[in-house]
Amino acid sequence: MKLHQAARTMIGTPFQHQGRRPGHGLDCAGVVVCAAKAVGVLMHDCTNYRRIPHRRLLRDGFNRDLQSVNRHVMPGDVLLFWMQRPALEIHCGIATPAGFVHVEQDDRVREEVLTLNWRKQLAAVYTLEGAA
């Protein structure tokens with residue numbers, strides 16, 4: 001199974017802050033960590049963060065396990081988004097052929113088209129070796 005396929009299995013899971021239980025509760029980082037685990041890759045997992053985490057929490061955590069790439073988004077890439085203002089990197093998802101899988105607060109994991117608005121908020125693109 002590829003990373004984006006593993007992420008798609010989580011569609012419909014409700015949002016839960018710091019959630020790491022597919023089918024029961026996930027937040028956006030939980031989608032990435034659990035999808036990686038599902039394809040046999042253990043990632044560093046940041047825990048004990050606030051609903052609005054430290055501005056570099058995701059980037060610093062992902063830099064331990066993921067390799068930043070400078071190219072067009074490909075299925076299986078991990079996407080990091082600016083939210084609210086450029087200094088606040090607090091959202092992530094996994095690219096799919098149709099868009100990306102993510103979950104936002106008070107919603108459910110879903111696959112969404114990577115619209116121009118989302119692309120404008122894209123801060124970084126990462127790849128997880130062996131899991132794309």
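The following dialogue goes through a predicted model, feature by feature.

Student: What conventions apply to the numbering and to the model?

Tutor: Residues are numbered from 1 along each chain as its sequence is written, and side-chain values use heavy atoms, with hydrogens and water left out. Because the model is predicted, local features need pLDDT of at least 70 and side-chain atom pairs count only at pLDDT 80 or more, while totals for chains, interfaces and linings use all residues.

Student: How many helices and strands does the protein chain have?

Tutor: Helices (H or I, at least four residues) and strands (E, at least two) are DSSP runs, numbered from the N terminus. The protein chain has four helices and eight strands. Their order from the N terminus is α-β-β-α-α-β-β-β-β-β-α-β.

Student: How is burial read, and what percentage of the protein chain counts as buried?

Tutor: Accessible areas come from the Shrake-Rupley method with a 1.4 Å probe, and for residues only the protein chains shown count as cover. Buried means under 20% relative accessible area, exposed over 50%, and partly exposed in between (1.4 Å probe, protein chains only). Of the 132 residues of the protein chain, 47% count as buried. The accessible surface of the protein chain is about 6,900 Å², with 49% of it belonging to carbon and sulfur atoms.

Student: Why is helix α2 described as largely enclosed?

Tutor: Helix α2 spans residues 28-38, and nine of its eleven residues are buried, so the rest of the structure largely encloses it. The buried ones are Cys28, Ala29, Gly30, Val31, Val32, Val33, Cys34, Ala35 and Ala36. Just after α2, glycine 40 has a positive phi of about 90°.

Student: Which residues of the largest nonpolar core touch the most other members?

Tutor: A nonpolar core is a set of buried Ala, Val, Leu, Ile, Met, Phe, Trp, Tyr and Cys residues joined through side-chain atoms within 4.5 Å. The largest one has 29 residues, and Leu3, Met10, Val31, Ala35, Ile94 and Val109 touch the most other members. Two or more residues come from each of α1 (3-8), α2, β4 (78-83), β5 (85-96) and β8 (122-127). Helix α2 gives the most to this core, with seven residues. Apart from it lies another core, of nine residues, among them Phe81, Phe100, Leu114 and Val125.

Student: What is methionine 10 in contact with?

Tutor: Contact means heavy atoms within 4.5 Å. Leaving aside neighbours within four places in sequence, methionine 10 is in contact with Pro22, Leu26, Val31, Cys34, Ala35 and Val109. For the whole protein chain, among contacts between residues at least 6 apart in sequence, 55% join residues at least 24 apart.

Student: Where is threonine 13 placed, and is it buried or exposed?

Tutor: Threonine 13 is in the loop between α1 and β1 (20-21). With a relative accessible area of 3%, threonine 13 is buried. A polar contact is a pair of N or O atoms within 3.5 Å; within protein, one must be able to donate a hydrogen and the other to accept it, and residues adjacent in sequence count only if both atoms are side-chain atoms. Here a polar side-chain atom of threonine 13 lies 2.9 Å from the backbone nitrogen of glycine 23.

Student: Where does proline 22 lie, and what does it touch?

Tutor: Proline 22 is in the loop between β1 and β2 (25-26). Its relative accessible area is 40%, so proline 22 is partly exposed. Not counting residues up to four places away in sequence, proline 22 touches Met10, Thr13 and Cys34.

Student: Which strands pair with β8?

Tutor: Two strands pair if DSSP finds at least two bridges between them. Strand β3 (residues 67-68) pairs with β8 in the antiparallel sense over two bridges, and β4 pairs with β8 in the antiparallel sense over four bridges. Tyrosine 126 in β8 stands opposite serine 68 and opposite valine 78.

Student: How many disulfides does the structure hold?

Tutor: A disulfide is a pair of cysteine sulfur atoms within 2.5 Å. The structure holds zero disulfides. For cysteine 28, the nearest cysteine sulfur is that of cysteine 92, 3.7 Å away. Cysteine 28 counts as buried, at 10% relative accessibility.

Student: What phi does aspartate 106 have?

Tutor: Aspartate 106 has a positive phi of about 65° although it is not a glycine. Aspartate 106 lies in the loop between β6 (99-102) and β7 (110-112), and at 68% relative accessibility it counts as exposed. Glutamine 18 likewise has a positive phi of about 65° without being a glycine; at 28% relative accessibility, glutamine 18 counts as partly exposed.
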